Amino acid sequence: MAKMAGRKGIKPFSRRVLLPAGITLGVWIVLNVLTSHLEWFGRGQTYRTAATIFYPLLGLTIIFSSLFVYSVLYVRGASVKERILWALIVPLAWILKEIWRVSSIFSLGESLYYALGPSPLGLLGIQLLFLPLCEIFWRWRTKKRGETIRIVTLGPALILIIFVILVYFMLFWRNSGDTPGSKLFYLYMEGYKALFVN
Amino acid sequence: MGKIKFFDRKVSRRQTLKIIGGTLAAGATDFGLVSRVVGAGKGTNQEKKPNIVFILSDDHRADTMSNMGHPFIKTPNLDRLAKEGVKFTNNFATTPLCSPSRGCFLTGQYAHRHGVKNNFTPWNDKNVTFLELLKKAGYKNAFFGKWHMPGRLPNLLGKAVDRFVTFTASGGQGIYFDCPLIIDGVVTERKGKYLTEDLTDLALDFIRKEKDGPFCVYLAHKAPHQPFVPPHELQELYKDADVSRTLPPEYHPWIHHKEGSGYYGVMGSVGEKYLDYHRVITAMDQQIGRILSELEKLKIADRTIVVYASDNGYFWGEKQLIDKRFPYEEATRIPLIMRYPSKINNPGRTTGELVLSVDMAPTLLALAGLQVPGTMQGMSLAPILTGNKNLPHRSSVHLEYFKDFPYSVPEWDAVRTDRFLYIEYGNQKAAELFDILKDPRTMHNIISQPEGKSVLPELQAMMKNYLRRKANG
């Protein structure tokens, strides 16, 4: 099983994949509920403290959960396909939730186009950094334990190159003084106009 | 609980005629418009038409001026304007969003009529602006600053203005430093210039050149729109300000991470951005001061109308919202101050009459003694400036918002009376009703409470009437 990671002691699917991915998804759901009901914490300092705790945690979960899931799946012997797919469970769930949320305002087509916007695209873009780095890190750890394994392979290297290009277009491709990302945003809006505005 | 009456001032037919007569008289005699201006062409001995300096800012909420009791911002020049003119405390943007609102100011029409409903629907060059009508009457006009309406830049030069200075950088939003300007069609680099000051410099040049008048300067600042970049010398201003008195209880430092808020361009610490917002307003106030000083220096202040307004307000965490667009007071209520030393009675007054962004075009035309086209939907505020008591008073106004992808704000229509705000949304979101007198921050929806139920039918009838008119264009 060449593509299985962790090499030894591959766990059953429920422990290998469902448990870590499910726990992460559960944390995300709980944080969503809490940030949507900050009034439970009253007003004033408690409210602001709750926001200061839960909003960053929510953001961290959405952005960085893939690092955790990918790592656990690697250690528990999940395949590359499993690692990539399940590591993205929270980012993908967030994007689906966004589509669902905006579908009460926009048409289905517009809601799907919303998912191609800078925020969802940026979220998926950052995963192009995390997943290869995760892979490289765990390969390095595996090699350190004495196994024969290449640390950097073609797949992660290519993905990292795509990430760098994406970062340029998302953040640095702009006019002096512009808010980072504004040029891509205007391009995205031109696409919207072409598709949805007469 | 007794039924609340909207129309406290029930009027008979005779009184109505009296009011209309009073209005006409106020408009005509208090400003000496009919006798002096109507039919007065160039070269006659009639009194000169007034000069106009119309200053429009971007996202400046009505309460963020020292003359509104703000605890730490300093706006001495806007305060001076208010002291020497009339301040309107119930002025509303008919659509609280940049592009449509600009169209409303220029045309005197609602967005559903002038067509710029959001950031996509393009400006129609067939729209008639007050600038065009002033120009036809002999005014020398200049447009400086933010156009920011969808579509190509309009063909204003020659048709409506004699000088057209604008920008297309950052999607038409402009940038605070080094913003290239399009001066009469020519792109010009402006290295090292701060946009608010740069536009003011150009406006002052025009005023000096056209001091003999009549002239109209339309000066539309980017300030204080995000990213709220103050000039270098004001970067430390208000650093010790106590923001706890101005930020709402429901504010928290992560407000800009609320779902759907990512597109509002507020990144990093909201706290620092909040202070920058005030710094940028003070920077703009300084530039307004330069204009007031120059008018005095040129000895034309008495016959120059100076108007200050903003396209919409701004949320800083109220109801956990940021930006504008929503139908609540923070976004819809906008500053409006008018000064006209030689004509305004009792300067320093504050009026709470319900007035709208669409009133500006008819007001300026009326003050210039011109006929207000029937296609304009606003009312002239000239009678209010005279302080005439026998005026028709609006019992309600209609506000509207159209879908604007990707900002996840549903379409809405609102009816605002002196006391109530009733909102109907275009999606599944339930209608809302607020008692502004009891609940000025619109925190408690009373639509299903007895006091709400008692006034709802009248508000719904008003809404039906407004929507019928809207459907008819």
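In the predicted model, four strands of chain B form an open sheet in the order E15-E16-E17-E18, with antiparallel pairing. Strand E15 (396-401) and strand E18 (432-435) of chain B are the edge strands, and each pairs on one side only. Neighbouring strands of this sheet are turned by 15° against each other on average, direction ignored. Within the sheet, E15(B) pairs with strand E16 (residues 412-417) of chain B in the antiparallel sense, over six bridges. One residue of this pairing is B:Tyr401, whose bridge partner in E16(B) is B:Trp412. Helix H12 (residues 450-471) of chain B packs on the sheet and touches E15, E16, strand E17 (420-425) and E18 of chain B. The direction of helix H12 of chain B makes about 120° with that of E16(B).

A further open sheet in chain B is formed by ten strands, in the order E7-E6-E5-E4-E8-E1-E9-E12-E2-E13, and its pairing is mixed. Strand E7 (186-188) and strand E13 (349-351) of chain B each have a single partner strand, so one side of each is left without a neighbour in the sheet. The twist averages 15° from one strand to the next. Strand E5 (residues 163-166) and strand E6 (residues 181-183) of chain B run antiparallel and are joined by two bridges. Here B:Thr166 stands opposite B:Ile182 in E6(B). Helix H3 (residues 76-84) of chain B packs on this sheet, where it touches strand E2 (86-88), strand E9 (304-310) and strand E12 (336-339) of chain B. The angle between the direction of helix H3 of chain B and that of E12(B) is about 60°.

Chain A, by contrast, has eight helices and zero strands. Along the sequence, the pattern of chain A reads α-α-α-α-α-α-α-α. The C-alpha atoms of chain A fill a box of roughly 60 × 45 × 35 Å along the principal axes.

The two chains are in contact through 31 residues from chain B and 36 residues from chain A. Between them, chain B and chain A bury about 2,900 Å², of which 61% lies on carbon and sulfur atoms. One salt bridge is found across the interface of chain B and chain A. A:Glu110 forms a salt bridge with B:Lys403, and the closest N and O atoms of this pair are 2.9 Å apart. By class, the side of chain B that touches chain A has 15 nonpolar, eleven polar and five charged residues.

How values were computed:
Residues numbered from 1 in each chain as written. Chains lettered and ligands numbered in written order. Predicted model: local features only at pLDDT ≥ 70, side-chain atom pairs only at ≥ 80, totals over all residues. Heavy atoms only, no water. Contact = heavy atoms within 4.5 Å. Buried area = accessible area lost by both parts, 1.4 Å probe. Salt bridge = Lys/Arg side-chain N within 4 Å of Asp/Glu carboxyl O. Nonpolar A, V, L, I, M, F, W, Y, C, P; charged D, E, K, R; others polar. Pairing = 2+ DSSP bridges. Axes fitted to C-alpha atoms, helices over the stretch in contact; angles between N-to-C directions.
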